[in-house]
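I want to go through the model piece by piece and jot down what I looked up.

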Amino acid sequence: MAHPHIDDDDYDYESLPPNFSLVQNMAAGAFAGIAEHCAMYPIDAIKTRMQIINPTPSAVYNGVIQGTYRMATSEGILSLWRGMSSVIVGAGPAHAVYFATYEAVKHVMGGNKIGEHHPLAAATSGACATIASDALMNPFDVIKQRMQIQNSAKIYRSAFDCAKYVYRNEGLAAFYVSYPTTLSMTVPFTALQFLAYESISTSMNPSKKYDPVTHCLAGAVAGGFAAALTTPMDVIKTMLQTRGNAHDHELRTVNGFMAGCRLLLRREGARGFFKGVGPRVLTTMPSTAICWSAYEASKAYFIRQNSEP
């Protein structure tokens with residue numbers, strides 16, 4: 001949920017149909033996010049395992065297909081969806097917080113005045129919404145990644161059991177040690193995605209008329225591009241969120257983004273910063289394609305409704 005992959009759901013309320021209430025949009029956004037996460041979850045699990053530093057030989061994955069086959073045959077097909085309940089539980093409230101924050105900040109900044117465009121209010125509202133929703137989603141993301149790593153079934157019986165285990169052994173800080181790194185990823189991701197989408201859609205569709213194929217393709221490519229460029233932050237985030245399960249003392253004591261970068265560079269060189277880039281791009285492209293398609297469709301609907309006598 002790109003944040004939740006929420007970070008991918010930057011809807012502008014002025015462009016939604018007038019009969020589409022805030023609660024309906026929150027529910028629709030949450031269901032869309034959950035559905036997309038469920039469908040792409042096995043690939044996300046492979047990405048997490050590919051990003052682990054110093055894995056055991058049986059947990060070395062060369063790609064999505066080989067990784068999926070190895071996980072399914074050695075741990076059972078359901079292992080590919082292990083930890084998904086954490087995403088389902090977290091996505092709903094995180095979407096609600098995202099949209100509520102977006103609306104509240106935009107209202108305070110005067111961005112809801114009819115007939116006026118307030119780009120600064122929209123940008124500030126989007127940034128505040130991302131910060132707030134990531135704060136809520138971060139603990140759920142930590143639980144998800146702990147459940148995705150190899151042999152997690154031997155340590156945790158369920159997502160709730162995992163949360164208790166992490167809190168008891170590592171304290172509340174373990175749920176937020178990756179939060180600054182998460183923000184360092186989601187904020188550039190959103191900016192890069194908007195930049196790429198505008199550039200690609202303009203070159204593919206100079207007339208800027210509603211064209212579902214263009215919006216879908218441009219959204220997918222923009223999301224993939226932004227995901228690829230922000231992979232280094234994602235690798236460090238995985239390191240920080242799974243450090244409690246590492247047997248390596250140096251890995252267990254990594255306490256922040258810069259310390260993670262230094263360790264990764266020393267151990268694996270520059271290539272280490274792009275571990276799991278393939279599955280990351282693969283999981284992001286459908287969600288951004290859906291997001292931009294929905295956004296443009298609602299905008300076209302709104303314009304059509306307003307132009308009718």
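**Confidence first**

This is a predicted model, so I began with the confidence values. The mean pLDDT of the chain is 85, and 87% of the residues reach 70 or more. I then went through the elements: helix α8, residues 231–242, has the highest mean pLDDT at 97, while helix α1, residues 22–51, has the lowest at 80. Where pLDDT is low, the predicted coordinates should not be read in detail. I am leaving those contacts alone for now.

**Overall make-up**

What does the secondary structure come to? I get 11 helices and zero strands. Reading from the N terminus on, the elements run α-α-α-α-α-α-α-α-α-α-α. The chain has 309 residues, and buried ones make up 50% of them. I also looked up the accessible surface, which comes to about 14500 Å². Carbon and sulfur atoms account for 68% of that surface.

**Cysteines**

How many disulfides are there? The count comes to zero, going by a sulfur-to-sulfur cut-off of 2.5 Å. Cys128 is partly exposed, at 28% relative accessibility. Cys261 has 15%, so with the cut-off for buried at under 20% it counts as buried.

The structure holds 14 salt bridges, and I followed one group of them. I started at Asp44, which pairs with Lys47, the closest N and O atoms being 3.6 Å apart. Both residues sit in helix α1, three residues apart, which is about one turn of the helix. Buried or exposed, I wondered about Asp44? Asp44 is buried, with a relative accessible area of 12%. Lys47 is buried too, at 5%.

Asp44 has another partner. Lys144 forms a salt bridge with Asp44, and here the closest N and O atoms are 2.8 Å apart. Lys144 lies in helix α4 (residues 119–148) and Asp44 in helix α1, so this pair ties together parts that are 100 residues apart in sequence. Lys144 has 8% relative accessibility and counts as buried.

Next I looked at what else Lys144 touches by charge. Its side chain meets that of Asp141 in a salt bridge, at 3.3 Å from N to O. Asp141 and Lys144 are three residues apart in helix α4, so about one helical turn separates them. Asp141 is buried, and so is Lys144. Which residues end up in one network through shared partners? I wrote down Asp44, Lys47, Asp141, Lys144, Asp234, Lys237 and Arg280.

**Surface patch at Trp81**

Ile77, Leu78 and Trp81 make a nonpolar surface patch of about 340 Å². Where is Trp81 placed? It is in the loop between α2 (64–75) and α3 (84–108). Trp81 has a relative accessible area of 35%, so I have it down as partly exposed.

**Thr68**

Thr68 lies in helix α2. At 25% relative accessibility, Thr68 counts as partly exposed. I listed its contacts, leaving aside neighbours within four places in sequence, and found Ile46 and Leu80. I also checked Thr68 against Ala45: the two are 23 residues apart in sequence, and their C-alpha atoms are 8.9 Å apart in space.

**Asn151**

Last stop was a backbone angle. Phi of Asn151 is near 65 degrees, a positive value in a residue other than glycine. Asn151 lies in the loop between α4 and α5 (159–170). With a relative accessible area of 37%, Asn151 goes in my notes as partly exposed.

How values were computed
Residues numbered from 1 in each chain as written. Heavy atoms only, no water. pLDDT = per-residue confidence, 0-100. Helix = DSSP H or I, 4+ residues; strand = E, 2+ residues; numbered from the N terminus. Patch = residues over 30% accessible without salt bridge, like charges linked within 9 Å, V, L, I, M, F, W, Y side chains within 5 Å. Areas by Shrake-Rupley, 256 points an atom, 1.4 Å probe, with all protein chains shown as cover. Salt bridge = Lys/Arg side-chain N within 4 Å of Asp/Glu carboxyl O. Buried < 20%, exposed > 50% of the residue type's maximum accessible area, 1.4 Å probe, protein only. Contact = heavy atoms within 4.5 Å.
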